[in-house]
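Visitor: I have a structure open here and would like to go through it. Can you walk me around?

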Amino acid sequence: MDYGYRMLRHIVAQVFGNLGQAARLTLVPTFLPAAILLALFMSWGVSYTTFGDPTVDPAQLPDVNPGVIFLTVLAGVVVSVITYCWAAVGWHRFVLLEEYGRGVVPVWHGPYIMSYLGRAFLIGLFAVAVSIAAMIVIGIIISVVQSNAIAFVLLTGFTLGLTWLITRVGLILPAAALGQKMSFGESWEATKPVASHMLVPLFFISLAMVILNQLVIAIFGDSALSIVPSAVLYWFQVLLNLSLMTTLYGTQVEGRTLT
C-alpha cells in the first residue's frame, strides 16, 4: 500500500501546489451557474434553507409560476453539468499538457467537453446499474440480519466500492479531455496494476471530506454562513477527485512516475 500513500501525497501536492491555477481554471465554471441560480431563487423570496429543501412546494413560492421554477432549475442543472465538464477538461489539460487558462476560465474545447459529458453520462449509467444490483443484495441481507452495525458496514463498503469501480473505468474522462479514445475495458486494464493502491486515496479523501463537512455543520448548522465553507470543501473535493483521475491517467496510460 506504500504506492497508495505516495499517490495520495502526489494528489494533495498537485492540488495545493497549484491553487492559483486551480482557482483560475475551475472556480468560475464550477460555481457561477449555482450562484446565479441561488441569487435568482432568493430574489423570488425563497430562503437559503428552502432552496436546498427538495420537499419545497413550488406553489408556495411568492408570485412565481411553478413551471418557470421547474424550467429554471432544469436549465441551471444542465448548464452546471456542462460548466463542470469545462472545468474538468481544463484541469486535466493543465496537469497533463501544461495548458493554462485564459483569464479566469479555462480554454473552451467544445468537442472535448461534449465528449467528456457523454462519457460521464455513460459512467453515470454504469454507476446506477451497479447501485441497483448492490442495493437489492444489501437490502436482502439487512432485512434478514436486522443489525444497524452490519447495515452501516455494508453501506460504507458499498459507497467505497462504487467509487473504486467508477475510478477503475474513469480514465475515459481524462482521455476525453485530451481527445483520445479509450473504452471502459481499456481503463479497467490500465488501472489493474494499482487497483488495490487506489483504495488509499479514495478512502482518505472521502474520510477527510466527511469529517470536515460534519465540522462545518457542527459550527454553522443550517445558517447561510455555512455556504462559504461548504462551497470551499466541495471545490477541494472536486479538485482532489479530478487530480486522482489525472494522476492515474498520467502514470498508468502515459507512463509517468510519481514525483
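This is a predicted model: local features need pLDDT of at least 70, side-chain atom pairs count only at pLDDT 80 or more; totals for chains, interfaces and linings use all residues.

Visitor: Fine. Which residues touch the most other members of the largest nonpolar core?

Guide: Those are M7, W91, Y116, L171, L248 and Y249, out of 43 residues in that core.

Visitor: And which elements give two or more residues to it?

Guide: Helix 1 (2–16), helix 2 (19–43), helix 4 (66–97), helix 5 (110–145), helix 7 (172–177), helix 9 (199–220) and helix 10 (227–252).

Visitor: Which helix gives the most?

Guide: Helix 10, which puts ten residues into this core.

Visitor: Back to Y249. What does Y249 touch, not counting residues up to four places away in sequence?

Guide: On that count, Y249 touches L96, L171, P174, A175, L178, Q180, M182 and E254.

Visitor: Staying in helix 10, what about T246: buried or exposed?

Guide: T246 sits in helix 10. Its relative accessibility is 1%, so T246 counts as buried, the cut-off being under 20%.

Visitor: What is T246 in contact with, leaving aside neighbours within four places in sequence?

Guide: Q14, W91, H92, V95 and L96.

Visitor: And S243, buried or exposed?

Guide: S243 is also placed in helix 10. S243 counts as buried because its relative accessibility is 0%. Leaving aside neighbours within four places in sequence, S243 is in contact with I11, Q14, V15 and W91.

Visitor: Switching to helix pairs. At what angle do the axes of helix 5 and helix 6 cross?

Guide: Roughly 160°, and the axes come within 10 Å. Helix 6 covers residues 148–169. Angles over 145 degrees count as roughly antiparallel, and helix 5 and helix 6 are therefore roughly antiparallel to each other. Helix 5 passes helix 6 in a right-handed crossing.

Visitor: Which residues meet there, in helix 5 and in helix 6?

Guide: From helix 5, I123, F126, A127, V130, S131, A134, M135, I138, I141, I142 and V145. From helix 6, they meet I150, A151, L154, L155, F158, L162, L165, I166 and V169. By class, this contact of helix 5 with helix 6 has 19 nonpolar residues, one polar and no charged ones.

Visitor: How many degrees is the angle at which helix 1 and helix 9 pack?

Guide: About 50°, with the axes 7 Å apart. Helix 1 and helix 9 are therefore oblique to each other. Helix 1 passes helix 9 in a right-handed crossing. The contact involves G4, Y5, M7, L8 and I11 of helix 1, together with V200, P201, F204 and I205 of helix 9.

Visitor: Last topic, backbone. What is the phi of E98?

Guide: Near 55°, a positive value in a residue other than glycine. E98 lies in the loop between helix 4 and helix 5. With a relative accessible area of 60%, E98 is exposed.

Visitor: And where is Q146 found?

Guide: In the loop between helix 5 and helix 6. The phi of Q146 is near 55°, again a positive value in a residue other than glycine. Q146 has a relative accessible area of 66%, so Q146 is exposed.

Definitions and conventions:
Residues are numbered from 1 along each chain as its sequence is written. Side-chain values use heavy atoms; hydrogens and water are left out. A nonpolar core is a set of buried Ala, Val, Leu, Ile, Met, Phe, Trp, Tyr and Cys residues joined through side-chain atoms within 4.5 Å. Buried means under 20% relative accessible area, exposed over 50%, partly exposed in between (1.4 Å probe, protein chains only). Helices (H or I, at least four residues) and strands (E, at least two) are DSSP runs, numbered from the N terminus. Contact means heavy atoms within 4.5 Å. Axes are lines fitted to C-alpha atoms, for helices over the stretch in contact, and angles run from 0 to 180 degrees between N-to-C directions. Angles under 35 degrees count as roughly parallel, over 145 as roughly antiparallel, 65 to 115 as roughly perpendicular and the rest as oblique. A crossing is left-handed if the near helix is turned anticlockwise from the far one by less than a right angle, and right-handed if clockwise. Ala, Val, Leu, Ile, Met, Phe, Trp, Tyr, Cys and Pro count as nonpolar, Asp, Glu, Lys and Arg as charged, and the others, Gly among them, as polar.
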